[in-house]
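Subject: Structure handover

Hello,

Here is the structure for you to take over. My notes on what was found in it follow below.

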Amino acid sequence: MGKKKVTIKDIANELGITPSAVSKALNNHPRMSIETKNAVLKVAKRLNYQPNLLASALRKGKSNLVGIIVPRAHSNFFSSVVENIEETLNGKGYNVVITQSNESYRKECKNIDALLHIQVDGIIASLANETVDLKYFNKIISNGVPLVMFDRSEDVLKADYIGINDYGSSKLVVDHLVEQGCKRIAHIAGFANTRIYKNRIEGYKDALAENGLPLDADLLVESKLTIKDGRDIMEHFLAMPERPDAVYAAGDYAALGALQTLIEHGIPVPKEMALVGFSNEPFTSLVAPSITTIDQHSAQIGKLAAESFLKKVEGTSEDLDKIILEPELLIRASSMKSKALA
């Protein structure tokens, strides 16, 4: 049998006063005497009383809790965003409740229901890869709960959004690879049903055209961007009669898997195959060769997402924030083909 949770009524019975008086004392009501307040606090501490935050939120209409939904907690990008959201909101008296969807639409919906049930004051989220139906995010909005999206969202969703120029990111990558002498550039893409990956695909296609390079449909493969996907897709590229001379992966984990396969096959990187990833995960600077990647400014995204929520909850802005940051290409050894050939 679990230990019974101590309630306000237990404290009241111990002191011989009403539960209402205990509640007022715990909330520092001005009409309660110092003696009563001290007595209540002393008994509450001895009985290890823990306030019911949900009940308090229902009474006050404010919980000082903000829900966060991320697709993957292990990603450095998402953990950095969350860290900066939490740091910013803690400074304003809010605590965060962190959930992850594991890229599952079903789990994402359950997370939303759970956060709404505990009366969070707002939700900051990034879509799961599986999410196509936005009805649960529209449910947040219809309930009057401030919603801020970051990294992954959709234009039809009437919510604040903080992200980077995904289309421009791909153009930075392709232009760099062309400067390195690459002429057959493959793309390990995310699924095009998600706006950010669709924009990266469009940027890749347009950059090829602008550089006078043909689009080969066999060199564009959509995936979940896992390490396994990177390995498997690289095997597919290596089996082609005419291999690519560069691979741009829309995620660093896929780039890592691709690099592992190239090393196992004894193919020198970047001399025979240049490689670029996306997100600036910590391992990209530690592997050999180090992986060229796109920095998404995760810390700045986290701070801006938190500030957008604060503007909404404090009533200082009724307009929707849409903040698009310009990415930075971090050029490392894996793509320096011209230097490797020198």
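**Backbone notes**

N64 sits in the loop that runs between helix 4 (53–60) and strand 1 (65–70). Please keep in mind that this is a predicted model. The phi angle of N64 is near 60°, which is a positive value in a residue other than glycine. With a relative accessibility of 29%, N64 counts as partly exposed. N102 also has a positive phi, near 55°, and is likewise not a glycine. It is found in the loop between strand 2 and helix 6, and at 44% relative accessibility N102 counts as partly exposed.

There are cis peptide bonds to note as well. One runs from V269 to P270, with omega near 10°; P270 belongs to the loop between helix 11 (252–264) and strand 9 (274–276). Another runs from A288 to P289, with omega near -5°, and P289 is in the loop between strand 9 and strand 10 (293–295).

**Domains**

The domain assignment gives domain 1 as 8–51, domain 2 as 62–163 + 298–325, and domain 3 as 166–296 + 329–341. Between the C-alpha centres of domain 1 and domain 3 the distance is 63 Å.

**Salt bridges**

How many salt bridges does the structure hold? The count is 14. One of them joins E103 and R152, whose closest N and O atoms are 2.8 Å apart. This pair links distant parts of the chain, 49 residues apart: E103 is in the loop between strand 2 (95–100) and helix 6 (105–117), and R152 is in the loop between strand 4 (147–150) and strand 5 (160–164). Are the two partners buried or exposed? E103 has a relative accessible area of 13% and is therefore buried, the cut-off being under 20%. R152 counts as buried too, at 1% relative accessibility.

R152 also forms a salt bridge with D151, where the closest N and O atoms are 4.0 Å apart. D151 is buried, with a relative accessible area of 5%.

Another salt bridge brings together the side chains of K171 and E210, at 2.7 Å from N to O. Here too the pair links distant parts of the chain: K171 is in helix 8 (residues 166–179) and E210 in helix 9 (residues 195–210), 39 residues apart. K171 counts as buried at 18% relative accessibility, whereas E210 counts as exposed at 52%.

**Aromatic rings**

The structure holds four aromatic pairs. One of them is formed by F78 and F150: the ring centres are 6.1 Å apart and the planes stand at 65°, so this pair is edge-to-face. Because F78 lies in helix 5 (residues 76–90) and F150 in strand 4, the pair ties together parts that are 72 residues apart in sequence. F78 and F150 are both buried. Together with F77, these two residues form one aromatic cluster.

Arginines are also placed over ring faces. R195 lies over the face of Y161, 4.7 Å from the ring centre. R200 lies over the face of F278, and there the distance to the ring centre is 3.6 Å.

Regards

Technical notes. Residues are numbered from 1 along each chain as its sequence is written. This is a predicted model: local features need pLDDT of at least 70, side-chain atom pairs count only at pLDDT 80 or more; totals for chains, interfaces and linings use all residues. Side-chain values use heavy atoms; hydrogens and water are left out. Helices (H or I, at least four residues) and strands (E, at least two) are DSSP runs, numbered from the N terminus. Buried means under 20% relative accessible area, exposed over 50%, partly exposed in between (1.4 Å probe, protein chains only). Domain bounds come from an automatic or database domain assignment. Rings of Phe, Tyr and Trp (its six-membered ring) pair if their centres lie within 6.5 Å; planes under 30 degrees apart count as stacked, over 60 as edge-to-face and the rest as tilted. A charge sits over a ring if NZ of Lys or CZ of Arg is within 6 Å of the ring centre and within 35 degrees of the ring normal.
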